[in-house]
Amino acid sequence: MALFDLVYLPYAWTVATAFLALLGWTLRSRLSQPKLPYPPGPPARSMISGNLADLPAKYAWHTYIEWGKKYGDIIHYRTFNKHTIVLNSYKDIVELLDKRSSIYADRPRLPMMDLMGLTDFNTGIMGYGPKWKFHRRILQQYFRADASLRYRAKQTRKVNDYLNSLLDTPDKFKHHIQTLAGAVIMTIMYDHDVAPTNDFFVDLAERHTVLLSTGIFPRSSLFQAFSILRFVPAWFPGAGFKRLCLESRKVAFDMRDIPMAAVQKQMKDGKTPDCVTANFLETCKSKEEFDAISGMASGAYGGRTMASLETFFQAITMYPEVQRRAQKEIDEVVGSKRLINYDDWSSLPYVEALLREVMRWRPVAPLSLAHSTTADDVYKGYYIPKETMILTNLWAIAHDLRRYSEPERFNPSRFIDENGRLNNDDVAYVFGFGRRICPGRHVASATIWLAMATVLQLFNIQKKKDSSGKEIEVDGGYTDAFAIEPLPFECTILPRSTESRQIISEAMAKAY
Ligand code: HEM
């Protein structure tokens with residue numbers, strides 16, 4: 001027998017056996033039809049693979065909105081034996097994920113997440129059960145609304161550093177935003193001050209996000225449908241996907257272990273770093289508790305949480321009148337003698353409206369993170385089987401014409417009522433629903449608000465001009481990923497006055 005056959009035969013057997021098992025499973029579930037119908041959706045093209053060929057290749061949330069026009073707000077499709085429900089309306093999401101939260105709080109088992117080693121320790125990805133509940137209890141303890149106030153001094157310091165960098169190198173505004181995102185979470189979780197450039201941890205988190213967003217997410221539906229692909233060895237021709245997963249696994253473990261080890265070392269040396277991790281480790285009694293904090297901490301700094309700030313720059317470049325109105329409010333209420341701080345938040349309603357509009361216009365995670373059911377359910381006369389993947393289309397809510405007029409227009413005034421006060425729509429839906437709602441939402445909103453408000457106070461953001469003096473248009477384009485960000489664009493960022501540097505320096509001196 002040729003060497004080639006010896007090497008490939010076991011894998012051929014594995015693939016063939018797994019394929020037959022999948023075929024049998026699919027046929028069995030197709031033959032045992034439920035008594036009630038599934039929600040409407042595109043007709044399955046194939047009895048075996050179902051809607052596999054219909055799965056949107058890009059910007060899935062737009063396709064789901066189009067399907068919604070044809071089939072309604074609750075859409076069902078099937079890939080092999082896996083059912084998916086897409087929810088396009090706020091009301092249905094509240095009914096299912098909030099009101100029936102006990103059976104809608106699981107995450108789908110995604111083989112690629114197993115491959116990347118995330119299922120076991122990452123709070124956002126692990127299944128619903130005692131371990132996840134334990135993680136959430138700790139997260140709640142450190143990140144609920146009142147507990148999050150504790151981090152405001154740290155957030156203020158990091159925003160000040162950010163403003164300083166923006167003043168020095170405004171063209172690197174995107175880089176400064178990424179540094180700010182990492183800086184806030186790294187100081188809260190590990191008392192680590194990130195370096196302004198080439199910080200090891202910020203680069204690690206960015207690498208992880210890029211691997212997930214551009215390497216893995218676009219191909220995830222296919223991989224989920226063909227989960228047997230996980231048995232293909234990484235060296236196999238065409239198994240680049242698996243190599244990406246394994247690379248991502250290494251990065252995820254480094255993100256979990258390296259900063260944790262640094263805190264432990266400091267504690268061993270007799271220091272007590274001022275951070276969540278050290279505080280927790282001081283009272284940590286079991287390996288279970290240690291694993292929980294290390295998994296949570298790395299999960300927290302892994303996300304692309306500051307994409308909203310990039311969207312802010314993009315929107316302000318496109319809509320100069322919004323900048324003018326926000327600056328007018330700031331100049332009238334705070335003036336230009338001192339830097340805005342958190343005490344000013346409630347006195348600046350238009351700036352708050354601007355924050356809400358940034359989050360609505362481009363919700364960072366347009367399809368949130370998928371949920372999964374842990375029991376059969378019936379809703380509006382439709383059957384939703386156990387282990388159905390539930391996709392909440394946050395983009396559809398944020399751009400729902402029944403809720404927002406001209407949804408594609410960036411218009412913070414939609415959140416201000418006729419008396420000039422903020423309305424009740426706080427766009428909390430961009431942080432998800434039910435038991436899985438984002439635990440970092442209070443910290444995230446506070447960082448983005450302060451960064452936005454102070455940038456508006458100190459800088460003018462304008463369209464860049466080309467060599468002939470013509471303004472370069474910015475079109476509002478954004479990436480296709482589970483966490484989106486603006487496509488590359490240019491803008492000019494200039495200090496509003498010669499005093500900007502002095503105001504930042506004074507604020508920095510006060511804050512440290
Ligand atoms: C603008 C910033 C952010 C947005 C828009 C956002 C949005 C979301 C969304 C949509 C989910 C999924 C919720 C669901 O399954 O229904 C989520 C989950 C999560 N977020 Fe955030 N997030 C942000 C910032 C943060 C920050 C700063 C942290 C860390 C402190 C964080 C930690 C988490 C965790 C741990 C989960 C998983 C929760 C679970 O599965 O139980 N997020 N986030």
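Predicted model: local features only at pLDDT ≥ 70, side-chain atom pairs only at ≥ 80, totals over all residues.
Close-up 1. Look for K380 in the loop between β4 (377-379) and β5 (382-384). Its backbone deserves a glance too: phi of K380 is near 50 degrees, a positive value in a residue that is not glycine.

**Close-up 2. N198, in the loop between two helices.** Here the loop joins α8 (173-190) and α9 (200-216), and N198 sits within that stretch. Phi of N198 is positive, near 50 degrees, and the residue is something other than glycine. N198 is exposed, at a relative accessible area of 64%.

**Close-up 3. The shell around the ligand.** Count 23 residues surrounding the ligand here, with R107, R136, H371, R436 and C438 as the closest. Sorted by class, the shell comprises 12 nonpolar, 8 polar and 3 charged residues. Two helices to pick out are α5 (130-143) and α18 (441-458), each supplying at least two residues of this shell.

Close-up 4. For R136, the distance from an N or O atom of the side chain to a ligand oxygen atom is 2.8 Å. Finish at R436: one of its polar side-chain atoms is 2.8 Å from an oxygen atom of the ligand. R136 and R436 are also among the closest residues named for the shell.

Methods:
Residues numbered from 1 in each chain as written. Heavy atoms only, no water. Near = heavy atom within 4 Å. Polar contact = N/O pair within 3.5 Å; in protein donor to acceptor, adjacent residues only side chain to side chain. Helix = DSSP H or I, 4+ residues; strand = E, 2+ residues; numbered from the N terminus. Nonpolar A, V, L, I, M, F, W, Y, C, P; charged D, E, K, R; others polar. Buried < 20%, exposed > 50% of the residue type's maximum accessible area, 1.4 Å probe, protein only.
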